[in-house]
Amino acid sequence: MATVSNWIDHLSAAEVQGAVYPGVGTEGILVLVLAVIWIGWHVMADMQETRKSKAIAKKRPGSNDWKSNVTDG
Amino acid sequence: MTDQLSALTTIFTEFYYWITVVLMFLIHVGFCMYEVGASRYKHHQHTLMKNTMLIPLVTVTWFLFGWWIYWAFPTGPGLAPSIMNESAALITDESAFSAAWYVPTSDLMGTNLNDHISGVFWAAFLLFSWTAASIVSGAVIERITTFAFGILAIAIGSVFWTIDAAWGWHFDGWMLKILGYHDAYASGVIHAIAGGFALGVLAVLGPRIGKFSSSGEPRNIGPRNPWLVTIGLFLIYTGFWGFYAACNIPIFDLGPEYGMEGVTFWTATNIYVTPTTLGAITMNFLMSLSGGLLAGYIVAKGDPFWTYSSGLAGVICASAGNDLYHPIQSFVIAMVGVYVAYNLHYWVERKFKIDDAVGAVAVHGYAGVAGLIICGFVLNGYPSSGYSVGAMWVGTDYAPINPLGMFIGAIIMFGVLGFLPGWILAKILQGMGKLRIPREVELAGLDYTILEDAKSDERAVASSSR
């Protein structure tokens, strides 16, 4: 996985390889992971939000009910 | 980097952009404070989260495709050939500034010892993207779902603004060549487009419950925490200053760049690689801020919310030409922008029942459009690019800055890439039943569940004696 194991050898090479992060060549997999997490987040966040909204809508609190939930003491 | 001069130039440029990114982070801090201050107590936490979550969403999509779009689309495609490869297709070849280097799988999109600049440049543009999305965020508070806003934030932050940046904010952009478009500090490419996009969304989203009386008269829902709004706007001013610096290239030798034999001219340049100075844009930033504040105080009759917003609107209006204006021109242009933005806001509110909770469409959209149009007259005849006299694109030319080109540019920014996509996407989300929160939730407050869940603990703590 390590792209560099000896900086002296790496930097004294005739042509220094620029990319030094672990796993050079696996960028496609990394991008796929990022895309899956991104889309998955939207799906999960939407499910949570919908569930919360439905619960409040079912309860039908009044416009000023929130005030009784605020305690400053 | 094997010689000291190129190392100094490169590392200085890298550090310069890094500083601007940190400064621009304050724009987002400011927007968060401002929005929370403008929202009502029962919506505070949701309002904060909505704006905060655009940071990771736009960042991820900016990495995946936003940055690539900027480098691929300067030609339209199909509207004007690139000065790099003389093709009007998407720029995805092996040329120096091609999008090929900025696909997410590129080894330049990571720790790379041969490239010090791409990462900080990527980050600077990303911060612009957050700003575009955050402008929309304020307008739609207290009734949009977080899901819908997330989609809309990605659309404006990682797609539409970056297309307009490729077209009108890239040295190779077709709008410079055909229209003579000039927008040095983004009156149009960030502010007009974001304002237009917000208006498109608002037209579908509708007003907050209670905003308009049964006879259609608008009611004022003022900021609930004016101190948070104040600090928020001061932070936005500060971040905006960093933004100005980020729109410049700090050190550049224009002689060889323009193909001038034996000429050396080191200078700072704007984003189009035409000369300006950091001193000039600092003077103009402060003079346009002052013009905006003075005009805002008068037109809003001393209302602090509008006076602060007018400072911002003033800078936004003068930004298109603040690389070249005289400070007093900048000052007067800012005043005109504020007058236009303030009056248009209330006219549109009454006429079309648009509930723009923070005046974002006015401050960013109308002031931005006014700034572009004014710039066309004041800078009429200036070159839109230095390359038209150089050797990079022999036989062709860039149009000079002109009133008609800037007017068309304003329509493209506000209408074509702003209002239209915002309206269409909002319609789609509305059709899916995902755009607006249920009426019961809006009445109860978006934070109702959070407050309800904490109620028993809070009461127990409040009544505890030990």
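**Two chains, value against cut-off**

Buried residues account for 7% of the 73 residues in chain A. The model is predicted.

Colleague: What makes chain A more spread out than a compact globule?

Modeller: The radius of gyration of chain A is 26 Å. The globule rule gives 11 Å for 73 residues. The value is well over the rule, so chain A is more spread out than a compact globule. Along its principal axes, the C-alpha trace spans about 75 × 35 × 15 Å. The secondary structure of chain A is two helices and zero strands.

Colleague: Why is Glu86(B) called exposed?

Modeller: Count C-beta atoms within 10 Å. Glu86(B) has 11 others. Exposed means 12 or fewer, so Glu86(B) is exposed. Glu86(B) is found in the loop between helix 2 and helix 3 of chain B. Its phi is near 60 degrees, a positive value in a residue other than glycine.

Colleague: And why is Val273(B) called partly exposed?

Modeller: Val273(B) has 15 other C-beta atoms within 10 Å. Val273(B) lies in the loop between strand 2 and strand 3 of chain B. Its phi is positive too, about 65 degrees, although Val273(B) is not a glycine.

Colleague: How do you know that strand 1 and strand 2 of chain B pair?

Modeller: Pairing needs at least two bridges. Three bridges join strand 1 to strand 2 (residues 266–269), so the two strands pair. They run antiparallel. Phe252(B) stands opposite Thr267(B) in strand 2.

Colleague: What makes strand 1 and strand 3 of chain B edge strands?

Modeller: Strand 1 (249–253) and strand 3 (275–276) each pair on one side only. The open sheet has the order 1-2-3, with antiparallel pairing.

Colleague: What makes the peptide bond between Gly76(B) and Pro77(B) cis?

Modeller: Omega is about 0 degrees. Most peptide bonds are trans. Pro77(B) lies in the loop between helix 2 (44–72) and helix 3 (118–139) of chain B.

Colleague: Which residues touch the most other members of the largest nonpolar core?

Modeller: Among them are Val136(B), Ala153(B) and Ile193(B), in a core of 149 residues. Helix 4 (residues 146–168) of chain B gives the most, 14 residues.

Terms used:
Residues numbered from 1 in each chain as written. Chains lettered and ligands numbered in written order. Predicted model: local features only at pLDDT ≥ 70, side-chain atom pairs only at ≥ 80, totals over all residues. Core = buried A, V, L, I, M, F, W, Y, C linked by C-beta atoms within 7 Å. Buried ≥ 20, exposed ≤ 12 C-beta atoms within 10 Å, placed from the backbone. Helix = DSSP H or I, 4+ residues; strand = E, 2+ residues; numbered from the N terminus. Rg over C-alpha atoms; globule rule 2.2 N^0.38 Å.
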